[in-house]
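Biologist: I would like to learn how to read a ligand site in a model. Could you take me through one, step by step?

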Amino acid sequence: MSARQVTAFAPGTVANLGPGFDVLGLAIEGPGDTVVARRAPGGLRIAAITGEGGALSTDVDANTAGVAARQTLRRLGIDPASAGVELEVHKGMPIGSGLGSSAASAAAAAYAVNLLCGGPLRREDLIGPCVEAEAVVSGRHADNVAAALLGGLVLVRSVDPLDVVRLPTPSGLRLVVVTPDFELPTRRARAALPAQVSLKAMVTHAAQLATVVAACYADDPALLTRGLRDPVVTPARAALIPGGEAVMRAAEAAGALGSGICGAGPSLFALCHAAGVARAVEAAMLAAFADAGLTARGCVSPLDCPGVTTR
Ligand code: HSE
């Protein structure tokens, strides 16, 4: 080992971006989790969890930071039972908010542990350990963890075997993210999805996802806007979020180019041209959530944000 202590911050992420269910993920600026990894006698343990998820378990097997750290140690050829690593997790966003809280803890832990051990693994090598962590709490998907590790916008072509592609982000856009005070566990939001979809929906979905990817390469916000609505996942989940459809309509009425659900929800996003419009859109979304009886908080992020970093 080459350091006594490493502190890493991993950003929140917006998965799916409309039609990219389980395949698109975007790092955002603002919310995120911090993990301190330090040398300590014994095996691997979580010494403390503070912040918004303070009620989470410190059991290594039940926490994504713990599982990701253990998987990273194994990838490094170190036995977790005698690793001598202690973690402290500071949650900087609500759990069950749709902003990749579990992924941020996993990414920050994997990154910190790798650096604590000399940093031989690349960011890409840490995606696998973090997917194993996600699988414990919310399902086997890599969209949030890949974006939290790599930053920017990612396309997960395959989880087994892992194949992740970085995509360019259209320039000059802002993403408004509004998080209501309402927890929607990812497992519940996944259970609401249909097990089968019609051929018509599949064709529409494929066209929409292709449109988003084409818009990113063409640097074409108008095209991106046309691709944002998906025919399957967003309608099924919007019904689980009090005021969901109304908040998205309010965003678009206030000048947003398009809107959707952040990951499994209940946070919602809106894409905007300029920072000034973004603040007005944020205010309209907060007001619409208030009309539905929910307090909420918002943030405005660029689209090309960095992934996990040391602090
Ligand atoms: N792609 C996942 C989902 C992300 O939508 O269920 C969960 O944050």
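This is a predicted model: local features need pLDDT of at least 70, side-chain atom pairs count only at pLDDT 80 or more; totals for chains, interfaces and linings use all residues.

Biologist: Which domains supply the shell around the ligand?

Modeller: Domain 1 (5–167) and domain 2 (174–302) each give at least three residues to that shell.

Biologist: Which residues are around the ligand?

Modeller: Look for Ala 15, Asn 16, Phe 21, Asp 22, His 141, Asp 143, Asn 144, Thr 186, Arg 190, Arg 237, Gly 263 and Ala 264. Sorted by class, they make 3 nonpolar, 5 polar and 4 charged residues. At least two shell residues come from each of strand S1 (5–16), strand S2 (20–39), helix H4 (143–150) and helix H5 (186–191).

Biologist: How do I look for polar contacts here?

Modeller: Search for pairs of N or O atoms within 3.5 Å. In the side chain of Asp 143, an N or O atom is 2.6 Å from a nitrogen atom of the ligand. For ligand oxygen, the side chain of Asn 144 has an N or O atom at 3.1 Å, and that of Arg 190 has one at 2.6 Å. As for cover, the protein takes up 97% of the 260 Å² of accessible area that the ligand has on its own.

Biologist: Which pocket does the ligand take?

Modeller: The ligand takes the space of the largest pocket.

Biologist: And the backbone? Where are the cis peptide bonds?

Modeller: Check omega. Another runs from Gly 265 to Pro 266, where omega is near 10 degrees, and Pro 266 belongs to the loop between strand S8 (258–261) and strand S9 (268–272).

Biologist: What is the phi of Leu 17?

Modeller: Phi is near 45 degrees there, a positive value in a residue other than glycine. Leu 17 sits in the loop between S1 and S2.

Note on methods. Residues are numbered from 1 along each chain as its sequence is written. Side-chain values use heavy atoms; hydrogens and water are left out. A residue is near a molecule or strand if one of its heavy atoms lies within 4 Å of it. A polar contact is a pair of N or O atoms within 3.5 Å; within protein, one must be able to donate a hydrogen and the other to accept it, and residues adjacent in sequence count only if both atoms are side-chain atoms. Accessible areas come from the Shrake-Rupley method with a 1.4 Å probe; for residues, only the protein chains shown count as cover. On a 1 Å grid over the protein atoms alone, a cavity is a set of points where a 1.4 Å probe fits but cannot get out, and a pocket is an open set with protein on both sides within 12 Å along at least five of seven lines; lining residues have an atom within 4 Å of a point. A molecule sits in a cavity or pocket if more than half of its atoms lie within 2 Å of its grid points. Helices (H or I, at least four residues) and strands (E, at least two) are DSSP runs, numbered from the N terminus. Ala, Val, Leu, Ile, Met, Phe, Trp, Tyr, Cys and Pro count as nonpolar, Asp, Glu, Lys and Arg as charged, and the others, Gly among them, as polar. Domain bounds come from an automatic or database domain assignment.
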